[in-house]
Amino acid sequence: MAVHLPDGTTVPPIRPEQWQSLMTIYGLGYIAIFTVFALLYLHAHRKGKQLELSPIEMYDTRTGMRQHMLNAGIGMLSVLIVTVGGSGVAMWSGFVYMVVGPAMTLHGVLSRQRRPKTDAVIVDQTIEKPQQ
């Protein structure tokens, strides 16, 4: 892949010495985004009673928070690789993000298996009908 400049010269889209900065900036942004999502879920979980969340909703909130923390952890691993390894391994730090799919699948399967059964929770809750 190459970029063709107006003067007719061809240059690579990114120079090898730029990989480390690129992957560091990408990783830090990835970490920031998923950390914000995790903090939003933490806030909702702390306000669970005020928001009148059911036990299942509380579980789902913890699950969502954990999912976002896992994503942030994957970003941290990528940044660690590029920071410790330098420019020589910077491109390889991008391959860490291939773990996202399997990690989220495993997390989802395990979380679904541990999720409280809906029927057991609904029996304990009363549903009020609106007065007419």
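**Close-up views of a predicted model**

View 1. At a relative accessibility of 69%, Glu52 counts as exposed; exposed denotes over 50% relative accessible area, buried under 20%, and partly exposed the range in between (1.4 Å probe, protein chains only). Glu52 is located in the loop that joins helix 1 (19-46) to helix 2 (55-85), where helices are DSSP runs of H or I with at least four residues, numbered from the N terminus. Although Glu52 is not a glycine, its phi is positive, at about 60 degrees. Most residues other than glycine have a negative phi.

The model is predicted: local features need pLDDT of at least 70, side-chain atom pairs count only at pLDDT 80 or more, and totals for chains, interfaces and linings use all residues. Residues are numbered from 1 along each chain as its sequence is written, and side-chain values use heavy atoms, with hydrogens and water left out.

**View 2. The salt bridge between Arg115 and Asp60.** The structure holds two salt bridges, each defined as a side-chain nitrogen of Lys or Arg within 4 Å of a carboxyl oxygen of Asp or Glu. In the pair shown here, the side chains of Arg115 and Asp60 meet at 2.7 Å, N to O. Arg115 belongs to the loop between helix 4 (100-114) and helix 5 (118-122), and Asp60 to helix 2, so the pair ties together parts that are 55 residues apart in sequence. Arg115 is partly exposed at 28% relative accessible area, and Asp60 is partly exposed at 32%.

**View 3. The salt bridge between Glu17 and Arg15.** The side chains of these residues meet at 2.7 Å, N to O. Arg15 is partly exposed, with 44% relative accessible area.

Methods. Helices (H or I, at least four residues) and strands (E, at least two) are DSSP runs, numbered from the N terminus.
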